[in-house]
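Thank you all for coming.

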Amino acid sequence: MSNGPFPVTRTTAPKAKPSDDSLAFGKVLTDHMFLMNYDEGKGWHSPRIEPYGPLSLDPATSVLHYGQAIFDGLKAFRGADGRVRLFRAGRHAERLNRSARIMCMPEMPVDIVRRSFDALVGVDHDWVPRKPGTSLYLRPTVIATDVMLGVHPAHSYLYFLILSPVGSYYKEGVKPVRILASDRHVRAVKGGTGEAKTAANYAASLAGQQDAAAAGYTQVLYLDAVERKYLDEVGTMNIMVRIGDEVITPPLAGTILDGVTRNSVLQLLRDWGLTVTERPVSIDEVMAAGAAGTLREMWGTGTAAVVSPVGTLGYKGRDLVINGGETGELTSRLYDAIVGIQYGRTNDAHGWTTEVPPAAG
């Protein structure tokens, strides 16, 4: 595959761009998309940028029946200086390949995936919103495209990348959420697909999320699938608790996603000299710490919200209010630190951001 620029076919009917104030999440898509095909014996080929439009799939396309579909998600940010920066793009490209391995899908050259990010954001550079708190969301996706019925890894695949300008997750400032720890619904079991960012994992989470919402909570906190006692993930985020002077988060042991924001938060905490432990933490330990007054903070981490403070934890009919229901000091510090790096306001000591210039022409 050539190291030169990708072929670009520009749209002849550009869309009207929405105002930054009107942006939600995933409602609006940009003018172009990146596509690349895979065929067994040929490998990945035909990378190109085309006008955004529908995909044509035969009713027997294997992804529709057997769920070989993976994706990732990252963001581009426009700073006050007008420059557009991607946050930890290389790590997202690598994670896409980890998901591919778990789902028996062909890995992609990481440099090609990275170049696809830069190329498409460069072409749709004007779509990156300007208001603080807004960003351009990138959704790289791979699906199986064999046209036949039969349970086996496919022989052909499609990689595509689409972009969506999104608004601030916290339109009125960072607000603590109410979460419900569920011992009824489970997200994943070790040896399964829990550590992959695959479509099936999100479908499996819908029932738990629906039950939590019906009970008046924002998110569901999943416990482990075996003993139904250890914290796993909260909604689509990794979870962390601060008990006393220690920050604890579940280990990467095959059931949870290796979150890029999780990794960034852990790095910052260690940079600041805080005690950080990756170990199993039970819901009983958390509830006991709450009763003893040593549970100081709890938060989720993810691309969409960055850091989401937990104000109330529900479990077995009891609500535990954390830090008086307010955002904790460390939670706020982490949020401000990562957002500052993303928008180019503060020093990027670890080289997490990369600038994307507009494409020529």
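This is a predicted model: local features need pLDDT of at least 70, side-chain atom pairs count only at pLDDT 80 or more; totals for chains, interfaces and linings use all residues.

Residues are numbered from 1 along each chain as its sequence is written, and side-chain values use heavy atoms, with hydrogens and water left out.

Let me start with the spaces. Rolling a probe the size of a water molecule over the atoms shows where empty space is left. On a 1 Å grid over the protein atoms alone, a cavity is a set of points where a 1.4 Å probe fits but cannot get out, whereas a pocket is an open set with protein on both sides within 12 Å along at least five of seven lines, and lining residues have an atom within 4 Å of a point. Grid points are joined across faces, edges and corners, and a volume is the space filled by probe spheres set on the points.

The whole structure has one cavity of 30 Å³ or more, and the largest cavity holds about 60 Å³ of space. Among the residues that line this cavity are Leu74, Phe87, His92 and Gln342. Helices (H or I, at least four residues) and strands (E, at least two) are DSSP runs, numbered from the N terminus. Which element gives the largest share of the cavity lining? Strand S4 does, with three residues.

The largest pocket has about 600 Å³ of space, and of its 32 lining residues, Lys197, Tyr202, Thr236, Met237 and Ala304 lie nearest the centre. The second largest pocket has about 300 Å³, and Asp224, Tyr230, Asp232, Ala253 and Thr255 are the closest to its centre among 16 lining residues. If we count Ala, Val, Leu, Ile, Met, Phe, Trp, Tyr, Cys and Pro as nonpolar, Asp, Glu, Lys and Arg as charged, and the others, Gly among them, as polar, the largest pocket is lined by 13 nonpolar, 13 polar and six charged residues, and the second largest pocket by twelve nonpolar, one polar and three charged residues.

Now to the rings. Rings of Phe, Tyr and Trp (its six-membered ring) pair if their centres lie within 6.5 Å, and planes under 30 degrees apart count as stacked, over 60 as edge-to-face and the rest as tilted. By this rule there are eight aromatic pairs. In one of them, the centres of Phe34 and Tyr159 are 5.9 Å apart and the planes are at 65°, so the pair is edge-to-face. Because Phe34 lies in strand S1 and Tyr159 in strand S7, this pair ties together parts that are 125 residues apart in sequence. Both Phe34 and Tyr159 are buried, where buried means under 20% relative accessible area, exposed over 50% and partly exposed in between (1.4 Å probe, protein chains only). Ring pairs also link Phe6 with Phe34 and Tyr159 into a cluster.

Finally, helix H2, residues 89–102, has 14 residues and reaches 20 Å from its first C-alpha to its last, close to the 20 Å expected at 1.5 Å a residue, the expected span being 1.5 Å times one less than the number of residues. Its buried residues include His92, Leu96 and Ser99. Just after H2, Cys104 takes a positive phi of about 55°.
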